[in-house]
Amino acid sequence: MNDLLQLLLNSTLSTVSDVLPIAIIIFGFQFLVIRKPIPHLKNVLFGFFYVLLGLSLFLVGLEEALFPIGRLMAQQLTDPAFILGSELGRLAVWSDYGWIYLFAFTIGYATTIAEPSLLAVAIKASEVSGGSIGIRGLRNAVALGVAIGITLGTFRIISGTPLHYYIIVGYIIVIIQTFKSPKMIIALAYDSGGVTTSTVTVPLVTALGLGLASTVPGRSPMLDGFGLIAFASLFPIIAVLGYAQLSQWRASRSSSS
Amino acid sequence: MIARLSRRFTRLLKPLISSVGDLLPIVLVVGFFQLVVLRQTIPDFAQIVIGVILVVLGLTFFIKGLEMGLFPVGESMAYAFARKGSLFWLLAFAFALGFGTTVAEPALIAVANEAAKVAAEGGVIAHHAEAMDAYATGLRFTVALSVGVAILLGVFRIIKGWPIHYFIIGGYLGVVVMTMFAPEEIIGIAYDSGGVTTSTITVPLVTALGVGLASSIRGRNPMIDGFGLIAFASLTPMIFVMAYGMIIG
C-alpha cells in the first residue's frame, strides 16, 4: 500500500511538471497579452485539476497492473527458447515468429484504443463534423493502422531490412491517397498519426522492440530497437485515409445503383 | 426523486462503463498471451485489479477535465487572439506553446538520453557523462525548437487557409532528402522522435486551438483547416533531429 502511495505521489509530481509549463504559458499570455479574465475560470481550474488527477491515476494504474506483465511478456515471447521450443539450437527464420506478429498486432490495437490523446482528438472531430465522423469509427481505424504498423515494424527488426525503405514507401502511399481522398478528412488523418503514440503505447512497444533487437541474431538493440514508433505514427494515416476512401466509394456506389 | 437519483447515477456510470470498454482490449490481449500462449498464471491478481480500477477512474476524470478545462481554454484563447487581431502575439503564443510543452516532456528526455548512449557507443561523441549530457540536452532543445516552429507554421497556415498537403508532402521530401545525408545511427531516433513529442495534455489543447481559430476566422472550415497542428509537430522533429546529427557528427 505504501508503494502504491509513493507511486501515486511520483506520478502526480511528474504530471504537475508536465502541466506547469502549459499553465504558465496560458496564464502568462492571458494576463499580459490578452488582458481579459478567462471565461468560467472556476470551471477551467477544476478541469485542469481533473486532468491532473486523471492522468496521475491512469499512469499509476498502468504501472501497477499492465506494464510489468506486458514488458515481461515481450521478453518471454522474444526469448529464443520460446520461439524455437524443442528445436533450440537451429537458427530462427522470420516465419518462426508467428506469436510475435500476433502479439504486435493485438497489443498495437489494444493500446491505441486506450490512448487518451486519441480519444480527445476523436471527441473533437466528432463534434466539429456534426457526428458524421464517429468517435468509435475513427479510433478503430487508427488502432487498426497502428496494429498493422507495429506488425510490419517487428517484421523489419526480425528480417533486418532498412527502416527508411518502409517509411519512404509509406510516404508515397500517403501522398497518392491524399489526392484521392475526400478533402474533409485529410488534415484529421495526418493528425491521427501523431496522437497514437503516447502514454500507453510507447512503453509496451519500446519493450517489444528492444526485446526483439537484443534476441534476434545479428541485430543490435541500439541500431534496430528504434523505429517501431515511426511505424505506429505512419500507418494510422494510411488507415484513416483508406477508411474515408472506402466510405466514399460505398456511398457513391449506393447512390448510383 | 428516485427518477432524479437514477438519472444522476447513470450520468456517473456511463463514462465509467465506456472507460472500462477502452481498457478491455489490453486486458484481453495480456490475459490471452499469459494464459494460452505462455501458459503461465497471472502473478499478483489483486494488484492487477487495483491497477485496472485506477486506470478506469483516471481515464474518466481525464475526459471530464478535458471538457471542462483543456478544450474551453484552447478555444477561448483562439477566439481572444482572433478578436485582438495581432498576428505577432498569436504566433508568439503558438511558438511558446510548442516549445514550452515539449522541452520538459518526460518521454522526450528518455529518448534523448537513449540517443546520447547510441552516439557515445558509435564514437560520434566522447564516451563520458559530460559529453553525453551535453548531447542529450542539445537534442532536447532541438526537438523543442522544431515543435515550436511546427505550431507556429501550422497556425500561420490556418490563418492563410493554405492546403495542408503541400506542407506535409514538402515535409516528407525533407525527411527523405535528410535521410540520405544523415549519419545512420541518428535515423531511427529521428524517426521515433516525431512520435514522442506530443503529450496527452498538449494534444487536446493544440487541437482546440486550431479548431477554435478556424471557426473564428471567416472563410475557414474547422474540419478542413482546423486540424493538422499535431501533424506538423510530428513531422518537423524528424528533420531537425537529422540536421542535429549531421552538425554534431
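A: Rings of Phe, Tyr and Trp (its six-membered ring) are paired if their centres lie within 6.5 Å; planes under 30 degrees apart are stacked, those over 60 edge-to-face, and the rest tilted. The model is predicted, so local features need pLDDT of at least 70 and side-chain atom pairs pLDDT 80 or more, while totals for chains, interfaces and linings use all residues. Residues are numbered from 1 along each chain as its sequence is written, chains are lettered from A and ligands numbered from 1 in written order, and side-chain values use heavy atoms, without hydrogens or water.

Over all chains, the search finds 22 aromatic pairs. Tyr50(A) and Phe61(B) are stacked, because their ring centres are 5.5 Å apart and their planes stand at 25 degrees. This pair crosses between chains, joining helix α2 of chain A to helix α2 (residues 45-84) of chain B; helices are DSSP runs of H or I, at least four residues, numbered from the N terminus. Phe61(B) is partly exposed at 27% relative accessibility (buried is under 20%, exposed over 50%, partly exposed in between; 1.4 Å probe, protein chains only).

Phe88(B) and Trp89(B) pair edge-to-face, at 5.1 Å between centres and 75 degrees between planes. Phe88(B) is exposed at 58%, whereas Trp89(B) is partly exposed at 36%. Both residues belong to a cluster linked by ring pairs, together with Phe29(A), Phe81(B) and Phe93(B).

As for the setting, 91 residues from chain A and 94 residues from chain B take part in the contact, defined as heavy atoms within 4.5 Å.

How values were computed. Helix = DSSP H or I, 4+ residues; strand = E, 2+ residues; numbered from the N terminus.
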